[in-house]
Amino acid sequence: MESTGAENPNRVNFSQRPVPPGMRPFTPSSPMVGSEPPVSNPLAHTIPQTFMPPLSSGPAASQAAPPGGMYPYTSMPPMSSVPYGNPRPAGTPFQRFPTPQFPPIAQASQASTLPTPTPSSFHPQPQAPFVSMGSPPQNINHAPSFANIPPPSSSPFSGPWTTSQPARPSFSGYPSKEPNMVAPTPPVQTTPFNQGGFIPNRPPVTSAPFPSYQGSHMGPPPIAASSGPYSRDQMHHQSYGPPSGTLQGLLEDFNSLTIGSVPGSLDPGLDTKSLPRPLDGDVEPKAFAEMYPMNCHSRYLRLSTNCLPTSQSLVSRWHLPLGAVVCPLAEAPVGEEVPIQNYVSTGIIRCRKCRTYVNPYVTFTDSGRKWRCNICALLNDVPGEYFAQLDASGRRIDLNERPELTKGSVEFVAPTEYMVRPPMPPVYFFLIDVSISAVQSGMLEVVAETIKSCLDNFPGSSRTQIGFITFDSTIHFYNMKSSLTQPQMLAVSDLDDIFVPLPDDLLVNLSESRAVLDAFLDSLPSMFQNNYNVESAFGPALKSAFMVMSRLGGKLLIFQSTLPSLGVGRLRLRGDDVRVYGTDKEHSLRISEDPFYKQMAADCTKYQIAINVYAMSDKYTDIASLGTLAKYTGGQVYYYPGFQSAIHKEKLKHELARDLTRETAWEAVMRIRCGKGVRFTSYHGNFMLRSTDLLALPAVDCDKAYAVQLSLEEALLTTQTVYFQIALLYTSSSGERRIRVHTAAAPVVSDLGEMYRQADTGAIVSIFCRLAIEKTLSYKLEEARNSVQQRIVKALKEYRSLYSVQHRLGGRMIYPESLRFLLIYGLALCKSIPLRGGYADAQLDERCAAGHTMMTSPVTSLLKILYPDLIRIDEYLVKSSPHEVNFNFSRLPLTADSLDSRGVYIYDDGCRFILWFGRMVSPDIAMNLLGDDFATDLSKVAIHERDNPMSKKLTKILEKLRGSDNSYYQLCHLVRQGEQPRESFLLLSNLVEDQVSGMNSYADWIMQIQRQLQ
Ligand SMILES: [Zn+2]
């Protein structure tokens, strides 16, 4: 994300290439470990059985040819003389535990014949009045009772990728149904759903069970609100046109933009100053929590609308995505840490039919001896150990000691039946390119230095394991056994018949081998300082890393500086080709060409290996292929184009350090349950589906979010509330198996207007973003953009139709308050790096990398990428006292009109800063901040703190901005006004409200959409 299209010295014109083979469904022969547990337990037999490393045929002594004498550690002779063990068949040594499994929701719901509860309030209601205490219930041994649960019919890991399309490959993100998306000439069938859900004689449906409209974020009830709609947000972004009728002001339940001549505006169409702009960034929705105080925090779950439609016909009129964004490990709000409950001795209470975890919305009855599941309505027995009496109001008397019954988020320590093997230790394995470019760019040195500086802070303390492989045209293994004083390097040059020497000593305990590790990392840069090898045996090195790691799993961090050139998985300079853009071959640039990458990703996921790719090439490096490794293993792509230590060091250091030290959940699986009649139809993000609804996440952390879409299974929902429960089963770094459970309730409504009022733009845009980026993998960029626009148009049209009868809308565009930023975010999405323009508007690698980032970003980070902060700082630098710490800059509209040539501005998208100096900025400021550097080429200047108050204040500002979100480190790029082309590609092309590269300005976009609404 560092450099961009306009500066593109290395762009090569590549010849056309054939269309890549289609995405083959992946059907591995053996399923995986660590799944969320079941009783009937198909997965207990699923430990990877005798995985044969695909290449090796034994200790074939390769003719290792270490590049001439440059390995100080080669205390081992070439490979032929080393007594290598056979590569260990992975995965066999673990004990198997019988484990319960979640049955698919669909199966559970089929069997349901129970009446559904109809709670009249949001608090658990007892189903029976309080009666005198009977004897506590018998100690129910609930485990056997699970045994009648039908096992999932599909074999694990070969499951469909959407529940409605069993034949789909289990890879996410490939041509999938994208309801309502415009999809001409699809290579894969799209299945229209939610369409045509007309229900004859639809009975009147009760109104939503949330009469209150308190809170400034809620729209007012359709009629009423003496405060009037004008009071809401009018101050900073609303433009209510001249009232065209006197009644309107009192009755309107919507916001509007007047399109037509506006007095005093130069633009004949629109008063651009008053357009709604998300200058406060993402505001976490509160309405949901106000309605249901026991819901989990919106950081963990955000629905695209905080209510569910009661019927298919409503769904079909909603047009926006119906779904949610889930971030199971989001950093907890201060003071709301997730409580950890240990029920290892008594067992965790779950519904015996649908496997829902006990939560605040279950209801206790029969004097406390039974509980009713809020998801499937089954009446369950309360096990003796969990029994508590009910008080006069039907509440358990021990409620205060049971966080799982009062809080939307809780974590359970899982007993052994939730394990198919002992909890794995944290494993960090590094695969590092040491070819000439990795060395000369300084990458190797920064990586070695950063890893060393983090060794004390890896999660897992004494359990953590670590290992290294380096590669150029050969593969170098390192024996780090704690008994050694120096690591031993073992080089393997036979790339076709890879085997792993000393498989037991390549992955070592961090604490025990600390001295060897320190020695290794200290000398790693110098070991290769004279390496002139230009080749990259990346694929074979990756296979080697897999073979070392497959016994335990863990995180594989890949540092790649050169296009893979040797052995399996070598990639060619297919690159960008202007002639391909606009043709039906365009999308193939953005997907992996060689099936090797997807196969490796699938194998890694199976063995609990998550891959993070750090790509640093200064040339085309095929992020489309490399990124596949992260995509299907729950990993992440970091991209530093043209990495140079002098410029990018801090960024790499911070981001790598965060990656190494952030709390990580290992060997995880995630399942989301929801109430009867609703089901999840698609999942979007970095993971692999293990069965129809089980996401395999070898490693997961707070920076990963997933989008899901849902649909109604039946024509009509019969309940008034729908519940969601996210369950993440994982191994903590401390070695505990745990289940993190988030539960939320949402009302069912029969009023389309209510759905719009309750919409969450952040969640909607996050889902749109993922759908659109996935769409670029099968279609042209233009089609992906059009699909976003079309759905916005359809939604606004539908919304308009709700009011056009009562109101004279004239030339006004109307929208609900909740969606006031939908248009600008929609435009920003179409102008984002993955989707913008065509060939000339972003480099291919940059597009793919940005796409990977946006596919995993939580809502708040994503919205900041789409509509970054722009702030003016020169006045603060000049006027404020040097000790002032509370600076609150107002954020400015993202348009060149916001830039004053006397000012200094910071543009912050969460990934980088652009520091812009106006042409007429005071020499005093320039001198203080940059000294003599101001006169030189700013592209080569790095900002650093100087010994003067102004410079110190700037440092403070940058620190504060960085502190607001640590997921990426914003490197500061400097540019001065009029310095072309840098000003354009760094800043101007990112001012999303302006007309750039032939794409609409904000005002044009609104007018274009308005025309389509007529
Ligand atoms: Zn249930």
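I started at the zinc ion: its four donor atoms subtend angles of 101 to 116°, so the arrangement is tetrahedral (four donors with all angles between 85 and 135 degrees). The protein donors are the SG atoms of C351, C354, C373 and C376, lying 2.2 to 2.3 Å from the ion. Donors here are N, O and S atoms within 2.8 Å of the metal (3.2 Å for Na, K and Ca); water is not among the atoms, so sites may look incomplete. I read the donor spacing in sequence as C-x2-C-x18-C-x2-C. C351 and C354 are both buried (under 20% relative accessible area, 1.4 Å probe, protein chains only).

I noted the ground rules. This is a predicted model, where local features need pLDDT of at least 70 and side-chain atom pairs pLDDT 80 or more, while totals for chains, interfaces and linings use all residues. Residues are numbered from 1 along each chain as its sequence is written, and side-chain values use heavy atoms, without hydrogens or water.

Next I looked up T621. It sits in the loop between strand 16 (609-615) and helix 13 (623-631). Helices (H or I, at least four residues) and strands (E, at least two) are DSSP runs numbered from the N terminus. T621 counts as buried because its relative accessibility is 0%. Leaving out residues up to four places away in sequence, T621 touches Q560, T562, L563, A615, L626, Y639 and D845 (heavy atoms within 4.5 Å).

Four strands form an open, antiparallel sheet in the order 2-4-22-19. Strand 2 (301-303) and strand 19 (678-684) are the edges, each pairing on one side only. Pairing takes at least two DSSP bridges. Strand 2 and strand 4 (residues 323-326) are joined by three. I found L301 bridged to V326 in strand 4.

Technical notes
Tetrahedral: all angles 85-135°; square planar, octahedral: opposite > 155°, others 65-115°. Buried < 20%, exposed > 50% of the residue type's maximum accessible area, 1.4 Å probe, protein only.
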